[in-house]
Amino acid sequence: MELQQNLAAIRKQGLGVAAISYDSVGVLKSFADRQHIAYPLLSDTDSKIIRAFDILNETAKPGTLTYGIPYPEFT
């Protein structure tokens, strides 16, 4: 949601925004609709892309809801 709040300033710098999550397309669509997210939310349910970019956050305990949430990355 912080990205959404700063989206205009980010785009003004000539940058684009996308977010990736292990959540399903349905979960992401529901979240985007509720929070009025205006940038792409990408679903990576098996975390293949998240792992390929080496942004998998494994600091939370496996099996918890926060395990595997990608680290923020700016590329």
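Q: What joins the side chains of Ser21 and Asp23?
A: In this predicted model, the side chains of Ser21 and Asp23 are joined by a polar contact of 2.7 Å.

Q: And where is Ser21 found, and is it buried or exposed?
A: Ser21 is found in strand β1, which covers residues 19-21, and with a relative accessibility of 13% Ser21 counts as buried.

Q: Which residues is Ser21 in contact with, leaving aside neighbours within four places in sequence?
A: With those neighbours left aside, Ser21 is in contact with Leu28, Leu42, Ser43, Asp44, Thr45 and Ile50.

Q: Is Asp44 buried or exposed, and what is the nearest side chain of opposite charge?
A: Asp44 is buried and yet has no salt bridge, since the nearest side chain of opposite charge, that of Arg51, is 7.6 Å away, whereas a salt bridge needs the nitrogen and the carboxyl oxygen to be within 4 Å.

Q: Which backbone nitrogen lies 3.0 Å from a polar atom of the Asp44 side chain?
A: That is the backbone nitrogen of Ile49.

Q: Switching to salt bridges, how many does a search of the whole structure find?
A: The search of the whole structure finds two. In one of them Asp33 pairs with Lys29, with the closest N and O atoms 2.8 Å apart, and in another Asp46 pairs with Lys48, with the closest N and O atoms 3.9 Å apart.

Q: Why can such side chains pair at all?
A: Side chains of opposite charge can pair when their charged atoms come close.

Q: How many residues apart are Asp33 and Lys29 in their helix?
A: Asp33 and Lys29 are four residues apart in helix α3, residues 25-35, so about one helical turn separates them.

Q: What about Asp46 and Lys48, what are their relative accessible areas?
A: Asp46 is partly exposed, with a relative accessible area of 45%, whereas Lys48 is exposed, with a relative accessible area of 60%.

Q: New topic: where is the place of Thr59, and which side chain does it join in a polar contact?
A: Thr59 has its place in the segment after α4, the helix of residues 48-52, and a polar contact of 2.6 Å joins its side chain to that of Asn57. Thr59 is exposed, with a relative accessible area of 64%.

Q: What separates the C-alpha atoms of Thr59 and Leu7?
A: Those C-alpha atoms are separated by 28 Å, and along the chain Thr59 and Leu7 are 52 residues apart.

Q: Stepping back, what does the secondary structure of the protein come to?
A: The secondary structure comes to four helices and two strands, and from the N terminus on these elements run α-α-β-α-β-α. The C-alpha trace spans about 40 × 25 × 20 Å along its principal axes.

Note on methods:
Residues are numbered from 1 along each chain as its sequence is written. This is a predicted model: local features need pLDDT of at least 70, side-chain atom pairs count only at pLDDT 80 or more; totals for chains, interfaces and linings use all residues. Side-chain values use heavy atoms; hydrogens and water are left out. Buried means under 20% relative accessible area, exposed over 50%, partly exposed in between (1.4 Å probe, protein chains only). A polar contact is a pair of N or O atoms within 3.5 Å; within protein, one must be able to donate a hydrogen and the other to accept it, and residues adjacent in sequence count only if both atoms are side-chain atoms. Lys and Arg count as positive and Asp and Glu as negative; His and the chain ends are not counted. Contact means heavy atoms within 4.5 Å.
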